[in-house]
Amino acid sequence: MSDRHPVLTMTAISKLFPGVRALDGVDLRLFPGEVHALMGENGAGKSTLIKVLTGVYGTDSGTIALDGAEVSFSGPMQATAAGVSTVYQEVNLLPNLSVAENIYIGREPRRLGAVNWREMRRRAQELLARIDLNIDVTELLGSYSLAVQQMVAIARAVDIRARVLILDEPTSSLDADEVAQLMRIMRQLRDDGIAIIFVTHFLDQVYAIADRITVLRNGRLVGEYLTSELPQIALVEKMIGKELDALERLDEATSGDDRAALEQGTPLVAADGLGRSGSVAPFSLTIHQGEVVGLAGLLGSGRTEVARLFFGADRADAGRLAVDGTPVTIRNPVAAIDRDIAFCSENRRTEGLVGELSVRENIILAMQASRGWLRPVPRRRQDELVQHWIKALSIRPADPEMPVRNLSGGNQQKVLLARWLITEPRLLILDEPTRGIDIGAKTEIQRLVAQLSDGGMAVLFISAELEEVLRLSHKVAVMRDRQLVSELTNDDTLDAARIMQAIASGSSQEGTVPA
Amino acid sequence: MTTTPLAARPGRAWWRVPPRHVPVLATAALLLVMYAVGVSQYQAFSNIQVVFNVFIDNGFLLVVAVGMTFVILTGGIDLSVGSVVAMTAMVSASLLGDGLHPALVLLIALLLGPTLGFAMGCVIHFFDIQPFIVTLAGMFFARGMCTWISTTSIPITDGFWTTAAQHRIHLGENFVSISVLIALAVLAVGAAVLAYTRLGRNVYAIGGNQQSALLMGLPVGRTKIAVYTISGLCSAIGGILLSFYTLSGAPLIAVGMELDVIAAVVIGGTLLTGGSGYVFGTLLGVLVLSIIQTLITFDGTLNSWWTKIVIGGLLFVFILLQRLVGIRTK
């Protein structure tokens, strides 16, 4: 690498926001023809660094040089014109226009001043064929999947003669095949000499494709490494900056000793043949006080549907549900909340939080709803409660009046958790609470779940990450093709391989599967 | 008017219409049905002059609606158009009464609307204020100007104006007015601008997603200001055509016209949230509105308010249709 000149150098970049030093003397070097992963927790400064680079924010100090010449972009427009293009996680294109137009708008081929549609279509087709994307370019962009839209965004960026391509969490909402296709395109672009900055939470993807890694933590540069010389575990340590012993300690909390004690007495919630046609096949599952039940399974296996039945978000059409041994019918979420059941949905943006409202207002929401609107929670009490939970969950920034949309994903998740915890539920249903958030926040949320269950709360924990399910759960229910196929006690012999076996084979026999 | 002609596309049957064309086609079908009803009920309806009269009576509405289409395509709204039409007619009548040369009067009248539109566009863009409230202010301002000029109607006797108003362009046995040709010219220019210029494409882009348009480096501010200026210009032309039609300027003419125009644009298939629609659809929308009027006139027993009742019902149906198409494509 050292024999080549970097296409981009950012030197000693600092950026201050009121009260926060978002970036503090950060350096970044980018060589042509490399994929460079930018890693760090939420709040480490990745987004800020990219926004400084593309001119969304100005710098407070430090320099940016492109091909050795110092530059300072006034905005993404100018950055794009200079060859620095960004493809964001939420595709920033125009769903109401055709694919071809999305690639060429603003630079349409023209003849005698009029947009030359035929030429535009032809060029778009050629361009997309180069990345093996054979789609009808006259179709509206919005009619294609997110993955295709993302590739169109990349095609647009590349066609604007980008030399630096920034991919900001492009893979978050793609499935495995789509990720593979994206990676293939990235390799191809890299071989063409384009320098790619790759921001992601997925370690596997980083190791699959990145040549070098720059790690940020709390707005500071931790270091720049060759991927081949940095083991995964070392990378994680550098990102979170603390030892992983917190996770080790969690393991002890779920040892088999207290299981017997848990299983005594009437279960808090017992489903007997509960089901809903077209949604999830009848299943039986008990959850005791203080028990963490993990719900494992692939995407679409019926995990969320089970949770929705418990919460009354969908109505069961088969079986019985008992709370404290008394048969109940939970018709809707309000009835569930009355029985002290809380549900943190996986779509925190669309189903949970109100982005415009402050952290305080979001946290108080559920509590206020259960009191009825005629009895407002006194402001003093609100402040007390909110302060308590901001501290307990270490929500950052610790400002109750900050609009929730300004928080990072992990912190939004914590706000959503706080909202439900404030109502003191007895059963907490968590649907993918750690998806898309960084390792630090993940650990904190996992620790919190362990603490809550120690305190007697029952938790139904849904996650796609088996390690996480194993670490937290007392028992694991495995879903497959919308059926509960297996219930495994989390004793010393249970490991991820056995859960995977159950997911893969649908075996419901404990112990028959070799570990 | 289709901006992206469909390429040969294996796997799609010829009768499967892209969802974005459904509202326009629905309007076209409705128009045909209404015309057929008219022809079957009233003998005189089949006279082609009935169609020409629809254009003669509503040329000014069509011109204003073309401007409104630009605005609504960006996701905005312009409530000032009715007042600007009235103001333009008033100013023309008043200046002509003062004995100014008609060419100069035309120039002044045609500059007023775009100037107000430009100013409103600037306020909307630079201060980031909702178009609804800015153009509401513009509406009151322009209407106020009308009554400031005169509280009573001013007749126009100028030779150029009366010629323009009364000149008949014969097409066989039938005729149209100069206004119709002007309106169709505006329509054609509007359609071409939207389909074949960067400005036009940027209008669609902003309506699709303003934030994305900004990030893609499109001139959002400039386009938004341009759109309100265009709407102002169309209102000014509409005002001139109206003064040809009535040969006067009246302070209370075209009250509530902005709402008719919005209705025509929406019935013509343009999404109120922006990003989807065609000027051709707007033409159909205007025709639907005026055919309803013609039908009710032909009937003779119905109160003219029935026009409003039918328009109200149609508007409901069309916004529901748009919603359904929108849901299906998602």
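Colleague: What does chain A average in pLDDT?
Modeller: Chain A averages 83, and 90% of its residues score at least 70. The scale, the predictor's confidence in each residue, runs from 0 to 100. This is a predicted model, in which local features need pLDDT of at least 70 and side-chain atom pairs count only at 80 or more, while totals for chains, interfaces and linings use all residues. Residues are numbered from 1 along each chain as its sequence is written, with chains lettered from A and ligands numbered from 1 in the order in which they are written.

Colleague: Where is the pLDDT of chain A below 50?
Modeller: Over residues 252–257, a stretch with 8 contacts in the model beyond near neighbours in sequence. A contact means two C-beta atoms, placed from the backbone, within 7 Å. Residues 508–515 of chain A also stay under 50, with 11 contacts beyond four places in sequence.

Colleague: Which way do the residues of β3(A) point?
Modeller: V35(A), A37(A) and M39(A) point one way, H36(A) and L38(A) the other. In a regular strand, side chains alternate between the two faces of the sheet.

Colleague: What makes β3(A) and β10(A) a pair?
Modeller: Pairing takes at least two DSSP bridges. β3(A) and β10(A), residues 195–199, have 4 and run parallel, so they count as paired. In β10(A), I197(A) is the bridge partner of H36(A). Strand β11(A), residues 212–217, is also parallel to β3(A), again with 4 bridges. There, L38(A) has T214(A) as its bridge partner.

Colleague: How do you know that helix α8 of chain B is mostly covered?
Modeller: Of its 11 residues, 198–208, 10 are buried. Among them are R198(B), Y204(B) and G208(B). The cover includes α3 and β8 of chain A, together with α2, α7, α9 and α10 of chain B.

Colleague: How many residues does each chain bring to the contact?
Modeller: Chain B brings 24 and chain A 23. The largest share of chain B's side, 6 residues, comes from α8(B).

Key. A residue is buried if 20 or more other C-beta atoms lie within 10 Å of its own, exposed if 12 or fewer, and partly exposed in between; C-beta atoms are placed from the backbone. Helices (H or I, at least four residues) and strands (E, at least two) are DSSP runs, numbered from the N terminus.
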